[in-house]
Amino acid sequence: MRRELRVLRAAINYAHRCGRITRPVSVELPERPPARDRWLTRTEAARLLRASRSKQARLYLPLFILLGLYTGRRKEALLSLRWTDVDLDTARINFDQPGRRRTNKRRGLIPIPPRLMPHFRRAQQRGCDVGYVLHIDGRRILDIKKGFAAACERAGLKGVTPHTLKHTAATWLMQRGTDPWEVSGFLAISMETLTRTYGYHRPDYLREAAQNVGGVRILSV
């Protein structure tokens, strides 16, 4: 509902700027829902990967999970990734494909994490130079929801969706004390969103404030 109201408000403001209506109409947005806090521990991630490699799953599912965990990109960005967007010589991935309509869902150009490189090399041998990185017999995968849900069920994981992989990447980076500016750039999310949603995962979260306020001497009365 919040998203639909934002679209309505933007349309009204646009109509007012174009002179189609004489005055703007106020559209009140409901409060933002609390951010989801579901992320995978490393043990859970390992269980999910093992479940994705079962006989019921195809080769693309383990790679999808690894890409999500190591790049922190959304499902659509991963499914639309082509080999022309991946440069193994310079170890870079370009998620901003040419011709893609720019939205608030940023993607960006990032270095390939070292742990992901051997998986890319093996996957490239199964594909072609211009095809999709994740594919079924060369065809683009439209959605991965069913296979992903089945892997989660086999792994005994509750409340996990493909978007959980992005939350997991951000959480792991913050837990390791990575510079927030680096995290923001690597995951292509704003500093405001990073701080609001994942800031408390940092090992030094509010520690300086707690130490400083604890160092204030209170005079007895």
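In helix α7, the residues Pro162, Thr164, Leu165, Lys166, His167, Thr168, Ala169, Ala170, Thr171, Trp172 and Met174 are buried (under 20% relative accessible area, with exposed meaning over 50% and partly exposed in between, for a 1.4 Å probe and protein chains only). The model is predicted: local features need pLDDT of at least 70 and side-chain atom pairs pLDDT 80 or more, whereas totals for chains, interfaces and linings use all residues. Residues are numbered from 1 along each chain as its sequence is written, and side-chain values use heavy atoms, with hydrogens and water left out. Helices (H or I, at least four residues) and strands (E, at least two) are DSSP runs numbered from the N terminus.

Because eleven of its 14 residues are buried, α7 is largely enclosed by the rest of the structure. The cover over these buried residues includes α2 (42–52), α3 (60–71), α4 (75–79), α6 (145–155), α8 (180–187) and α9 (191–198). Just after α7, Gly177 adopts a positive phi of about 75 degrees.

Phe64 is in contact (heavy atoms within 4.5 Å) with Lys75, Leu78, Leu79, Leu134, Ile144, Phe148, Pro162 and Leu165, leaving aside residues up to four places away in sequence.

Five salt bridges (a side-chain nitrogen of Lys or Arg within 4 Å of a carboxyl oxygen of Asp or Glu) were found in a search of the whole structure. Among them, Arg140 pairs with Glu76, with the closest N and O atoms 2.7 Å apart. Arg140 lies in strand β5 (residues 139–140) and Glu76 in helix α4, so this pair ties together parts 64 residues apart in sequence. Arg140 is partly exposed at 25% relative accessibility, and Glu76 is partly exposed at 40%. Glu44 and Arg38 form a salt bridge at 3.2 Å, N to O; Glu44 is buried at 15% relative accessibility, whereas Arg38 is partly exposed at 25%.
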